[in-house]
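Me: Please show the sequence and the structure, so that some questions about them may follow.

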Amino acid sequence: MEFVFRLSDNASNDTPNPSTPITLQEDDASDAERRVQELVSQFVYLPDHKALVCQEHGYAIDGVKGHLQREHKNSESDVVNAVVQHYSSYEIARVDEIEPPEAGKTAIKCLRAPVRGFSCAYRIQQGRTDHSHDAERHETEPCGYISADRKNIGKHCRDSHRWRSTPADRKCWTEVYVQAFSVVRGHQKWFVVKTTD
Ligand SMILES: [Zn+2]
Ligand SMILES: [Zn+2]
C-alpha cells in the first residue's frame, strides 16, 4: 500500500499547475541549462573539417559523452546527455579521418599552438625509386611526410628514400610549424601552418 501512495505523490509532483510554478524546480532547471551552455561554449565546430574541437584540451573529439566523462570528469548525466543531444545533428568525423587543411594556412586557434616540425623535402616520381629532394621538380609529387620529431624525419628519409647524411646533404627536410587535430602520439597527422614570426 505504501508503494501505491508514493507513486501517486510523485505523479502529482510531476504535473505541477503551470500557473503556480515551483521555484526550486525552475532554479534547478536553469542551473543545469547554464552548465550545458558552458560546456557547449567550450567546443568549436569546424564545418570545413567536420571537426568538433574542445578548446580547453585543444584537440578534436569524436565522442562528446566519453570526452566529458573522462577528460572533464563530468558525471552529471542529464547535463552530459543534453550536450550530446545538442551535437546530435552535427556531422562529426572520426578524428583519424579528419581532412587536414591545405599546407601553409593560418594556424587554427582552438587547437593546441603550433609546434616545430619537419617536412620531408623529397619529391617522388611515380614508378621510380631514386627519389630526389633537389633539382628537377617536374613530374614529381612531394612525399608529404611530416613529423614533429627530428629523429623520426631522419629515419623516414633513410627508410623511405635511402637518404644518407653527408656533408653535402645534411638535411632532407624543411623546418616548418605544424598543428594536429589529435594529440595521440603516432596519430597526429601533422599539417603545416603559417605563423606570424
Ligand atoms: Zn575537453
Ligand atoms: Zn619522404
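Me: Which residue stands opposite Phe118 in strand 8?
Reply: This is a predicted model, in which local features need pLDDT of at least 70, side-chain atom pairs count only at pLDDT 80 or more, and totals for chains, interfaces and linings use all residues. Residues are numbered from 1 along each chain as its sequence is written, while chains are lettered from A and ligands numbered from 1 in the order in which they are written. Strand 5 and strand 8 pair in the antiparallel sense over two bridges (strands, E, of at least two residues, and helices, H or I, of at least four, are DSSP runs numbered from the N terminus; a pair needs at least two DSSP bridges). Opposite Phe118 stands Ser147.

Me: How many bridges join strand 5 to strand 9?
Reply: These two strands run antiparallel. Val115 stands opposite Val178 in strand 9. The number of bridges joining strand 5 to strand 9 is six.

Me: Why are the buried residues of helix 5 on the same side?
Reply: Ile153, His156, Cys157 and His161 are buried in helix 5 (20 or more other C-beta atoms within 10 Å of the residue's own; exposed means 12 or fewer, and partly exposed lies in between, with C-beta atoms placed from the backbone). They are on the same side because the arc they cover around the axis, taken from the directions from the helix axis to the C-beta atoms, is only 95°.

Me: Which exposed residues does the face of helix 5 turned away from its buried side carry?
Reply: The buried side includes Cys157. The face turned away from it carries Lys151 and Asp159.
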